[in-house]
Amino acid sequence: MWLLFLLVAWVAAVLSCARVCRAAVAAARTTGPAPRPAPRTTLDPSAEDHPGPGLTLYEMAYLSGGPHRLADVVLVLMAQKRRLLLAHTGWATVVEPVAQDAVERATLTAIGPEGQRRIPAIRDALVADDAVRAVADRLVAAGLALPAAARPGIRGAVRLVQGAALLVLLSAAASYWMAPSGEDNGLVLAWFALPLILTLGTWAVARFELHPYHDWATDAGERCLPDAQQSPGTPDSPAAPASLTTLALHGPTALTDPSLRAALHSSGA
């Protein structure tokens, strides 16, 4: 019976470790020796007075949290300029249908002609919009963002390795408990030590070589983000309020405005 548990442990260990190797190779292909800085364009309203080194507000949001984070940033930006009203119940209402860039125009289009829509639905619509994809494509071309083929590979693969290590331990415990009285339990456990060493060793290498496990930014993109040099509470440039930069880098939980935080959280952010 213990051979069945050993087979399950080996299969889980080999498949999870192979997944980590594939994810690492896919992520390595996206990094270049010297990626050029992300260009500034008129797509982002903060492009002329960007708070990060070579990055616009939208680009910082995408590198930190992907298109959903970018959607949160544009919603809060328009709310702070009194063009949208974000209710604590998770609804966005158009107050003034004026857009200053392509992403804001996409936001108004996502809300629709009725002028009101749930924030999760707006996020989903923005993720598929050409304006948001243009931000992503520009960052991928600059070597700062991972392409779709490499996401969310590394983080998910490492979680599989962790789960495989736990499965090996459980299989070993079950084999030890179910082994006949005359069986050499030490030899049984020794067979399970091999897949356990494989999973734990792969996990350790991944944590040393690949940590932090990025979902959106490459190593070069992470180095461009300003939170590597400043804390969330550090003042930003006058054109970009600290709350917007904090939201872009750290998500809705870092917002100090309780009404905005409640609006984004109640909508499933």
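This is a predicted model: local features need pLDDT of at least 70, side-chain atom pairs count only at pLDDT 80 or more; totals for chains, interfaces and linings use all residues.

Colleague: How much of the protein is buried?
Modeller: Of its 269 residues, 43% count as buried.

Colleague: Now α5. What span should the helix have, and what does the model give?
Modeller: Helix α5 covers residues 130–141, twelve residues. At 1.5 Å a residue it should span 16 Å, and its end C-alpha atoms are 16 Å apart, which agrees.

Colleague: Which residues of α5 are buried?
Modeller: They are A131, V132, V135, A136, R138 and L139. Viewed down the axis of α5, the buried residues fall within an arc of 160 degrees, so they line one face of the helix.

Colleague: Why would residues a few places apart point the same way?
Modeller: An α-helix has 3.6 residues a turn, so residues three or four places apart point the same way.

Colleague: What do the buried residues of α5 pack against?
Modeller: They pack against α2 (57–80), α3 (102–111) and α4 (119–127).

Colleague: And which exposed residues sit on the face turned away?
Modeller: D130 and D137 are the exposed residues there.

Colleague: What happens at the start of α5, and what follows the helix?
Modeller: At the start, a side-chain oxygen of D129 comes to within 2.8 Å of the backbone nitrogen of A131. After α5 comes G143, with a positive phi near 80 degrees.

How values were computed
Residues are numbered from 1 along each chain as its sequence is written. Side-chain values use heavy atoms; hydrogens and water are left out. Helices (H or I, at least four residues) and strands (E, at least two) are DSSP runs, numbered from the N terminus. The expected span of a helix is 1.5 Å times one less than its number of residues. Buried means under 20% relative accessible area, exposed over 50%, partly exposed in between (1.4 Å probe, protein chains only). The arc is that of the directions from the helix axis to the C-beta atoms. Contact means heavy atoms within 4.5 Å. A polar contact is a pair of N or O atoms within 3.5 Å; within protein, one must be able to donate a hydrogen and the other to accept it, and residues adjacent in sequence count only if both atoms are side-chain atoms.
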